[in-house]
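Here's a quick briefing on the fold, the ring pairs and a few side chains worth a look.

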Amino acid sequence: MEQQPKKDGRERRRFRRKPVGLVINYETLDQFFEDYALNISLGGVFIRSQKPLPTGTRLKIKFNLPELNNMIETTGVVAHVVNLEENGGQSGMGIRFDDLDVRSKELIDHLMASDLEPVAY
């Protein structure tokens with residue numbers, strides 16, 4: 001999920017992203033949140049949030065892939081924050097997954113390869 005600008009100004013990503021509309025539950029050591037994911041990849045997820053957490057914040061993450069009827073639970077870190085002005089009015093944060101288990105990788109990989117576009121809102 002890391003953005004690595006190329007010399008020509010385009011960004012380079014390690015994993016292909018898929019647009020989604022998933023409810024994401026996440027927590028820090030002392031706070032709980034519920035927001036929506038705008039896209040997902042094997043590397044992470046972008047969460048729309050009016051108050052993104054600071055870069056480097058560690059999270060526990062839980063979300064359901066409705067069409068696949070499976071819950072994914074993992075941990076991650078805020079890799080980057082996008083402010084309203086930078087993203088056409090949508091602020092949020094890119095979360096890099098720490099260590100997806102094999103089952104979760106398979107589920108996300110299946111979603112990426114399918115025509116399914118999970119929308120939960």
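Among contacts (heavy atoms within 4.5 Å) in the protein chain between residues at least 6 apart in sequence, 53% join residues at least 24 apart. Bear in mind that this is a predicted model, where local features need pLDDT of at least 70, side-chain atom pairs count only at pLDDT 80 or more, and totals for chains, interfaces and linings use all residues. Residues are numbered from 1 along each chain as its sequence is written, and side-chain values use heavy atoms, with hydrogens and water left out.

**Overall layout**

- The protein chain has one helix and eight strands; helices (H or I, at least four residues) and strands (E, at least two) are DSSP runs, numbered from the N terminus.
- Reading from the N terminus, the order is β-β-β-β-β-β-β-β-α.
- Of the 121 residues in the protein chain, 39% are buried. Buried means under 20% relative accessible area, exposed means over 50%, and partly exposed is in between (1.4 Å probe, protein chains only).

**Aromatic pairs**

- Two aromatic pairs turn up. Rings of Phe, Tyr and Trp (its six-membered ring) pair if their centres lie within 6.5 Å; planes under 30 degrees apart count as stacked, over 60 as edge-to-face and the rest as tilted.
- Tyr 26 and Phe 33 make a stacked pair, 5.0 Å centre to centre with 15° between the planes. Tyr 26 is buried because its relative accessible area is 2%, while Phe 33 is at 23% and so counts as partly exposed.
- Phe 63 and Phe 97 are also an aromatic pair: their ring centres are 6.3 Å apart and their planes sit at 15°, so this pair is stacked. The pair links distant parts of the chain, with Phe 63 in strand S6 and Phe 97 in strand S8, 34 residues apart.
- Phe 63 has 1% relative accessibility, so it counts as buried; Phe 97, at 7%, is buried too.

**Around Phe 63**

- Leaving out residues up to four places away in sequence, Phe 63 touches Leu 22, Val 23, Ile 24, Ile 40, Asn 70, Met 71, Ile 72, Phe 97 and Ile 108.
- Phe 63 and Ala 37 are 26 residues apart in sequence, and their C-alpha atoms are 9.4 Å apart in space.

**The salt bridge**

- How many salt bridges does a search of the whole structure find? It finds one, where a salt bridge is a side-chain nitrogen of Lys or Arg within 4 Å of a carboxyl oxygen of Asp or Glu.
- Asp 98 pairs with Arg 58 in a salt bridge, with the closest N and O atoms 2.2 Å apart. This links distant parts of the chain: Asp 98 is in the loop between strand S8 (92-97) and helix H1 (102-113), and Arg 58 is in strand S6, 40 residues apart.
- Asp 98 counts as partly exposed because its relative accessibility is 35%.

**Ser 49 in its loop**

- You'll find Ser 49 in the loop between strand S5 (44-48) and strand S6 (58-65). With 5% relative accessibility, Ser 49 counts as buried.
- A polar atom of the Ser 49 side chain lies 3.2 Å from the backbone nitrogen of Lys 51.
- Not counting residues up to four places away in sequence, Ser 49 touches Tyr 26, Asp 35, Ser 91, Gly 92 and Met 93.

Technical notes. A polar contact is a pair of N or O atoms within 3.5 Å; within protein, one must be able to donate a hydrogen and the other to accept it, and residues adjacent in sequence count only if both atoms are side-chain atoms.
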